[in-house]
Amino acid sequence: MSTNLKRFLIHCSTEWCGMDDTYRAVAEKEEDLWEIADQLAYENFQSYGGIDLVLEDYDIEDMSEEEIDAIVEEIDESAYYYSSIEECEDDEEWNSYEGEIIGIK
């Protein structure tokens, strides 16, 4: 591994409270993590129900499958999840998160 690697925290959030996650990553620069951060945010959104959560805002109980499909086609899922990246120099904060460390060389 390169000696120029920095530690980063990737924060993934949804539009719903309590459906967030944070991942640890090492990379030379923040820009190296943007694509993986977007993917992690999408996976986090999906892990909490994804489009089904969005559909809870609609009265779909009496709709046909075709009507529901039409609504789903119009929904921009990316409006419901997002990520941010911050450099982490604090050992205590870094160690407060568990899980695999993502490495970008």
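Is His 11 buried or exposed in this predicted model? His 11 is buried, its relative accessible area being 18%, where buried stands for under 20%, exposed for over 50% and partly exposed for the range in between (1.4 Å probe, protein chains only). Because the model is predicted, local features need pLDDT of at least 70 and side-chain atom pairs count only at pLDDT 80 or more, whereas totals for chains, interfaces and linings use all residues. Residues are numbered from 1 along each chain as its sequence is written, and side-chain values use heavy atoms, with hydrogens and water left out.

View A. Strands are DSSP runs of E with at least two residues, numbered from the N terminus. The side chain of His 11 makes a polar contact, at 2.6 Å, with the side chain of Glu 86; such a contact is a pair of N or O atoms within 3.5 Å, of which, within protein, one must be able to donate a hydrogen and the other to accept it, and residues adjacent in sequence count only if both atoms are side-chain atoms. With residues up to four places away in sequence not counted, His 11 touches, among others, Asp 21, Tyr 82 and Tyr 97, contact meaning heavy atoms within 4.5 Å.

**View B. The hairpin of S1 and S2.** The two strands run antiparallel and are joined by seven bridges, pairing being assigned if DSSP finds at least two bridges between strands. Ile 10 has Tyr 23 as its bridge partner in S2, and Gly 18, in the turn, has a positive phi of about 85°.

**View C. S2 (residues 21-27) beside S4 (residues 102-103).** Two bridges join these strands, which run parallel, and Val 26 stands opposite Gly 103 in S4.

Notes
Helices (H or I, at least four residues) and strands (E, at least two) are DSSP runs, numbered from the N terminus.
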